[in-house]
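The following questions and answers examine a single protein chain.

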Amino acid sequence: MCGLAKKRIRVSKGTKGSQNHEIFGGKAQILRVPQSGDVWQFRMWIAAEKKYLRKSLQTRDFEAATDRAEKLYLETMANVSSGKKLFGLSLQELTDLYTDWRSGDVGTRITKGRLVTIKSQMKHILGYKGAGLKIGELERNSFYDYESWRKQTKPGTQSVTIRNEQSTINHMMDFAYRAGYTHLPQLDFRPISIKKDEVGRRDIFALDEYDKLIRFLRSYTSKKSAPDETERTERLMVRDAILIASNSLLRVGELWQLRWGDVEKIESAFDSEERPVELVTLNIRGETSKTRNSRRIIVRGGQYFLRLRERAEYTGKDDFVFASVGGNRRYARQKWYSRWNELMTGIGIEDYQERKLTWYSLRHFGLTCRIRAGNTYSEIAEMAGTSATYIETHYKHYDDGMLRTAALKSFSIDKSGIIFTN
């Protein structure tokens, strides 16, 4: 005898308009509203962001919805506890997180100077899109016209500077992508055309300008110009820093972070013209170098270190070569720039900022002098801590004297071919 199959009776959990069930003691709810039909929804108040998190549980079954809601609540609480933003980071929050992350790289992957540059670049990023923009609103082309905006807001900004900023932006986006803050691993930018002469170029001193600077330093450091002893001692230190920078080819960060323990030895010698010189052996630590590579160099200028040491109060191996007067703290960065302004004004180069004459220009001047002296690019590269190709491409600044010397080179021809003579 065949029996009739019983029809499954669906248990109602209430009317659609009133279905709201609490979980975890009311810390979250599952609910159904007329707009959602029979599909259960999850809702939870996120106090840190002052918003409700709402999400479909994608099921009409009450038991399945409850199970999914409890798991979602626990996952959400874990994310909130770890500081993750559930509704998306703002651009300001992302730049802050990125800057904090890069701060941890100082001394291993980047220098303090590089971190300062990154912080400056973050200000431009916020200026372009606004601090409150949500990262989730970004699209691949959101920064496409960044170069045009930068040049409009600050005329004269070099394309190579903007290209470096764009590289930092994409490095930040990669950081955000790996952290799960965005679905975009990088952004697209309008291609930048950079002339060869613009890459890595800073103006350097002409020979007569450098000579004028050296002569001005004599009066600048005199007791007549600086009767206060502390003021004069600072000026003398700045003078020796200029002379050391020109002779050692050190980068600015390497120069300012030198410690007495980095000065291995100072010795007397004779140059190729049999003139006496003082050589100094320096150990450049990787954590102070732009390339993160340490190097040991022998350069001119040992006498300037001797003068500095005679005046210094602290000369222990961990004490800074360029320290504040009467202490062993590093001479303040803003003071270096203030002194530079005094010197450029003093020798009458009012447009030094437009010409990009900076402390770094002393390295360029020294490199050019080594080229004039006949050093090979490989020899100069070893001293400067870079590649020979980079020296030739970026640091070979010809002046009229070098061009004239090149033009006066002659040659003669005999039966065996061409013989060049100077």
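Ala, Val, Leu, Ile, Met, Phe, Trp, Tyr, Cys and Pro count as nonpolar, Asp, Glu, Lys and Arg as charged, and the others, Gly among them, as polar. The model discussed here is predicted.

Q: How do the residues of the lining of the second largest pocket divide into nonpolar, polar and charged?
A: The second largest pocket holds about 720 Å³ of space. It is lined by 29 residues, and those closest to its centre are Asn 247, Arg 300, Cys 369, Arg 370 and Ala 373. Sorted by residue class, the lining comprises 14 nonpolar, eight polar and seven charged residues.

Q: Which element gives the most to the lining of the second largest pocket?
A: Two or more lining residues come from each of helix H7 (229-248), strand E5 (263-270), strand E6 (276-284), strand E7 (295-300), helix H9 (302-311) and helix H11 (360-372). With five residues, the element that gives the most is H11.

Q: What percentage of the residues of the protein count as buried?
A: The protein contains 14 helices and nine strands. A residue is buried when its relative accessible area is under 20%. Of the 422 residues, the share that counts as buried is 38%.

Q: Among contacts between residues at least 6 apart in sequence, what percentage join residues at least 24 apart?
A: Contact here means heavy atoms within 4.5 Å. For the protein, the percentage of these contacts that join residues at least 24 apart is 56%.

Q: Is Arg 292 buried or exposed, and what is its relative accessible area?
A: Most residues other than glycine have a negative phi. Arg 292, although not a glycine, has a positive phi of about 65°. This residue lies in the loop between E6 and E7. Because the cut-off for buried is under 20%, Arg 292 counts as buried, with a relative accessible area of 18%.

Q: How does Lys 356 count in terms of relative accessibility?
A: Lys 356 is not a glycine, yet its phi is positive, at about 60°. It lies in the loop between helix H10 (333-346) and H11. Buried requires under 20% and exposed over 50%, so Lys 356, at 33% relative accessibility, counts as partly exposed.

Q: How far apart in space are Val 238 and Trp 336, C-alpha to C-alpha?
A: Val 238 lies in helix H7 and is buried, with a relative accessible area of 0%. Leaving out residues up to four places away in sequence, Val 238 touches Tyr 331, Trp 336, Arg 339, Leu 343 and Trp 359. Val 238 and Trp 336 are 98 residues apart in sequence, and their C-alpha separation in space is 7.8 Å.

Q: Which residues is Ile 242 in contact with, leaving aside its neighbours within four places in sequence?
A: Ile 242 also lies in helix H7, and its relative accessible area of 0% makes it buried. Ile 242 and Leu 255 are 13 residues apart in sequence and 9.9 Å apart in space, C-alpha to C-alpha. With neighbours within four places set aside, the contacts of Ile 242 are Tyr 210, Leu 213, Leu 217, Leu 343, Trp 359 and Leu 362.

Q: Which residues does Arg 102 touch, not counting residues up to four places away in sequence?
A: Arg 102 lies in helix H2 (residues 91-103). Its relative accessibility is 9%, so it counts as buried. Not counting residues up to four places away, Arg 102 touches Ile 110, Leu 115, Ile 118 and His 171.

Q: How many aromatic pairs does the count come to?
A: Rings of Phe, Tyr and Trp pair if their centres lie within 6.5 Å. By this rule, the number of aromatic pairs is 22.

Q: What is the angle between the planes of Trp 40 and Phe 62?
A: Trp 40 lies in the loop between strand E2 (28-31) and strand E3 (41-46), whereas Phe 62 is in helix H1 (residues 62-81), 22 residues apart. Both Trp 40 and Phe 62 are buried. Their rings form an edge-to-face pair, 5.4 Å centre to centre, and the angle between the planes is 65°.

Terms used:
Residues are numbered from 1 along each chain as its sequence is written. This is a predicted model: local features need pLDDT of at least 70, side-chain atom pairs count only at pLDDT 80 or more; totals for chains, interfaces and linings use all residues. Side-chain values use heavy atoms; hydrogens and water are left out. On a 1 Å grid over the protein atoms alone, a cavity is a set of points where a 1.4 Å probe fits but cannot get out, and a pocket is an open set with protein on both sides within 12 Å along at least five of seven lines; lining residues have an atom within 4 Å of a point. Grid points are joined across faces, edges and corners, and a volume is the space filled by probe spheres set on the points. Helices (H or I, at least four residues) and strands (E, at least two) are DSSP runs, numbered from the N terminus. Buried means under 20% relative accessible area, exposed over 50%, partly exposed in between (1.4 Å probe, protein chains only). Rings of Phe, Tyr and Trp (its six-membered ring) pair if their centres lie within 6.5 Å; planes under 30 degrees apart count as stacked, over 60 as edge-to-face and the rest as tilted.
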